[in-house]
Amino acid sequence: MVVKVKRPRLRIRLAAGRPLDLASALGGGGGPGGPSGPGGAPDAAAALAAVPAGSSLEMKDGVMEIELGDGPGVRLEGLQLDASPQPGGGLRGRAAFSAGEYRGPGGEWKGLSGDASFVAAGAELRFEPLSIRADGLSLSGRATLREAGAPLLEGALDAAIEMDRMARFFPEGAAPAGQLRASLTGSVRGGGPQARGDLELANLRLWGLSVGTLRSDVVIDDAVHLRGIRAHHHNVRQAQRE
């Protein structure tokens, strides 16, 4: 049997200092007021809970909102989901969205789209592989959201970003150009990130001047720390060959 739901809505709000209840968020029913979300739209959690073993769930044109207290927030629209209950409990499936917005560390990003395979079981939600795209932005990797007394997000990420999309982080007139590539592994607990990896700024230009390519180790906590910065300029490489 296939359970089909059109235009469902799922809203997850995580208050600061409160533990994450993934079981309720993903399959705990609609709560008071029945299985309808805002505006009478079907409630996605209630739909998940209603899928019997051996069946599958199809969602189309859904909306998902995730808010982490006063911190980051995500809104996904055009959500498509295919999921099936697993014999030992939980869900396995694939999801995609066509329009998304993010606000939080790193600023605001709109025009997002993406897809992922996922497994939800008990107090853990795992996305692997995970892909997010936008104009000048490409992210791929894996992520696990886990309840461990407090929400814990951990995973690995490969990012490619056109530097002109990062202009908000530079002084006025810097007009950054080039490509940022990063490979990171880490976690976010209680709103605080902990990550490390490699960073490359390729074909970097600032204030109209060519900086070349910079490579560095990167550590992220309450700030971004670049260690062992190595510069590589195309003109220098050409002179060495001659």
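How many bridges join β5 to strand β6 (residues 107-121), and in which sense do the two strands run? The legends below take up this pairing and then other close-up views of the model, which is a predicted one.

**View 1. Strand β5 and strand β6 in the predicted model.** The two strands, of which β6 covers residues 107-121, run antiparallel and are joined by 11 bridges. One of the residue pairs that can be located here is that of Ala96, whose bridge partner in β6 is Asp115.

**View 2. The hairpin of β4 and β5, with Gly89 in the turn.** Strand β4 (residues 73-85) pairs with strand β5 (residues 91-104) in the antiparallel sense, over 11 bridges, and the bridge partner of Gly73 in β5 is Arg103. In this hairpin 5 residues lie between the strands, and Gly89 in the turn has a positive phi of about 105 degrees. Gly89, which belongs to the loop between β4 and β5, is partly exposed, its relative accessible area being 40%. Although Gly89 and Ala120 are separated by 31 residues in sequence, the distance between them in space is 8.8 Å, taken from C-alpha to C-alpha.

**View 3. Strand β3 between its pairings with β1 and with β4.** Strand β1 (residues 2-6) and strand β3 (residues 56-68) pair in the parallel sense over 5 bridges, whereas β3 and β4 run antiparallel and are joined by 9 bridges. Leu57 takes part in both pairings: in β3, Leu57 is the bridge partner of Val3, and Leu57 in turn has Ala83 as its bridge partner in β4.

**View 4. The nonpolar core and the surroundings of Leu180.** The largest nonpolar core has 34 residues, and Leu81, Phe118, Leu137 and Leu180 are those with the most contacts inside it. With neighbours within four places in sequence left aside, Leu180 is in contact with Ala159, Ala160, Ile161 and Met163, and also with Leu199, Glu200 and Leu201.

**View 5. Phe118 and the aromatic pair that it forms with Phe127.** The count of aromatic pairs comes to 1. This pair consists of Phe118 and Phe127, which are tilted, with 6.5 Å from centre to centre and 50 degrees between the planes. Phe118 counts as buried because its relative accessibility is 9%, under the 20% limit, while Phe127, at 26% relative accessibility, counts as partly exposed. Phe118 is also among the residues with the most contacts inside the largest nonpolar core.

**View 6. Arg168 over the face of Trp109.** In this view Arg168 lies over the face of the Trp109 ring, at 4.9 Å from the ring centre.

**View 7. Glu200 and its polar contacts with Arg181 and Arg215.** Glu200 is found in strand β11 (residues 192-206) and is buried, since its relative accessible area of 18% is under 20%. The side chain of Glu200 makes a polar contact of 2.6 Å with the side chain of Arg181, and a further polar contact, of 2.8 Å, joins the side chains of Glu200 and Arg215. Leaving aside neighbours within four places in sequence, the residues in contact with Glu200 are Gln179, Leu180, Arg181, Thr213, Leu214 and Arg215.

**View 8. Ser216 in strand β12.** Ser216, which lies in strand β12 (residues 209-220), is buried, with a relative accessible area of 4%. A polar atom of the Ser216 side chain lies 3.1 Å from the backbone oxygen of Arg227. Not counting residues up to four places away in sequence, Ser216 touches Gly197, Asp198 and Leu199, together with Leu226, Arg227, Gly228, Ile229 and Arg230.

**View 9. The protein chain as a whole.** The secondary structure of the protein chain comes to 3 helices and 13 strands, and buried residues make up 32% of its 242 residues. Of the contacts in the protein chain between residues at least 6 apart in sequence, 39% join residues that are at least 24 apart.

Note on methods:
Residues numbered from 1 in each chain as written. Predicted model: local features only at pLDDT ≥ 70, side-chain atom pairs only at ≥ 80, totals over all residues. Heavy atoms only, no water. Pairing = 2+ DSSP bridges. Helix = DSSP H or I, 4+ residues; strand = E, 2+ residues; numbered from the N terminus. Buried < 20%, exposed > 50% of the residue type's maximum accessible area, 1.4 Å probe, protein only. Polar contact = N/O pair within 3.5 Å; in protein donor to acceptor, adjacent residues only side chain to side chain. Contact = heavy atoms within 4.5 Å. Core = buried A, V, L, I, M, F, W, Y, C linked by side-chain atoms within 4.5 Å. Phe/Tyr/Trp six-rings, centres within 6.5 Å; stacked < 30°, edge-to-face > 60°. Lys NZ or Arg CZ within 6 Å of the ring centre and 35° of its normal.
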